[in-house]
Amino acid sequence: MKHLLTILALIITTTFFSQDYNLKKGFVAEGYDVVSYFSNKAAKGDHQFTTTFDGVKFKFSSKENLEIFKKNPKKYIPAYGGYCAYAIGAKAEKVSIDPKTFEIRDGKLYLFYNAWGTNTLELWKEEGAEELKKKADVNWVKIIEKK
């Protein structure tokens, strides 16, 4: 019975944690193609190439990128649910992003706020991306536990 409760708790926890996404405009990454970022491009997704994963919608610029995503979706999901990585690290706050401002670091997609003269990707690099990433990892767990 104890083993069953542990498994159930893990399933519930994973389900709740996995569904904390920035869904501005109804899609992860504001409808930008999360696969395209890995080719160093921020490409808008097309309504004819969409899928749902983990209860949220993703849009892609091509059928090819849609199929790539379907083979390994977790690889392409942005860190911190697609919220600004800098804000998660520096302030433990969920902040919207500019989908054209991104970084691929250690095989993971990080998105950033960039408006009103503030480019948090630049701040991320200037203030020490590795240290901010460590803080963001800890802060993200705290944020999703509060849900």
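Modeller: Two strands pair if DSSP finds at least two bridges between them; strands (E, at least two residues) and helices (H or I, at least four) are DSSP runs, numbered from the N terminus. This is a predicted model, in which local features need pLDDT of at least 70 and side-chain atom pairs count only at pLDDT 80 or more, while totals for chains, interfaces and linings use all residues. Residues are numbered from 1 along each chain as its sequence is written, and side-chain values use heavy atoms, with hydrogens and water left out.

Colleague: Which residue in E4 stands opposite Arg 105?

Modeller: Strands E3 (residues 98-105) and E4 (residues 108-112) run antiparallel and are joined by five bridges. Phe 102 of this pairing stands opposite Leu 111. The residue opposite Arg 105 is Lys 108.

Colleague: Which residue in the hairpin of E3 and E4 takes a positive phi?

Modeller: The hairpin has two residues between its strands. A phi near 50° is found there, and the residue that takes it is Asp 106.

Colleague: How many residues of E4 are buried?

Modeller: Buried means under 20% relative accessible area, exposed over 50%, and partly exposed in between (1.4 Å probe, protein chains only). E3 is mostly covered, with six of its eight residues buried. E4 is also mostly covered; of its five residues, the number buried is four.

Colleague: Why do the buried residues of H2 line one face of the helix?

Modeller: In helix H2 (residues 63-71), Asn 65, Leu 66 and Phe 69 are buried. Their directions are taken from the helix axis to the C-beta atoms. They line one face because, seen down the axis, they fall within an arc of 105°.

Colleague: Which elements do the buried residues of H2 pack against?

Modeller: On the other side of the helix, Lys 63, Glu 64 and Lys 71 are exposed. Contact means heavy atoms within 4.5 Å. The buried residues pack against strand E1 (46-53), strand E2 (56-60) and helix H3 (73-76).

Colleague: Which side chain makes a polar contact with that of Asp 20?

Modeller: Asp 20 lies in the loop between helix H1 (2-18) and E1, and counts as buried at 6% relative accessibility. A polar contact is a pair of N or O atoms within 3.5 Å; within protein, one must be able to donate a hydrogen and the other to accept it, and residues adjacent in sequence count only if both atoms are side-chain atoms. At 3.1 Å, the partner of Asp 20 is Lys 94.

Colleague: What is the angle between the ring planes of Tyr 110 and Trp 124?

Modeller: Rings of Phe, Tyr and Trp (its six-membered ring) pair if their centres lie within 6.5 Å, and planes under 30 degrees apart count as stacked, over 60 as edge-to-face and the rest as tilted. Trp 124 is buried, with a relative accessible area of 0%, and Tyr 110 counts as buried at 3%. Their pair is tilted, with 5.7 Å from centre to centre and a plane angle of 35°.
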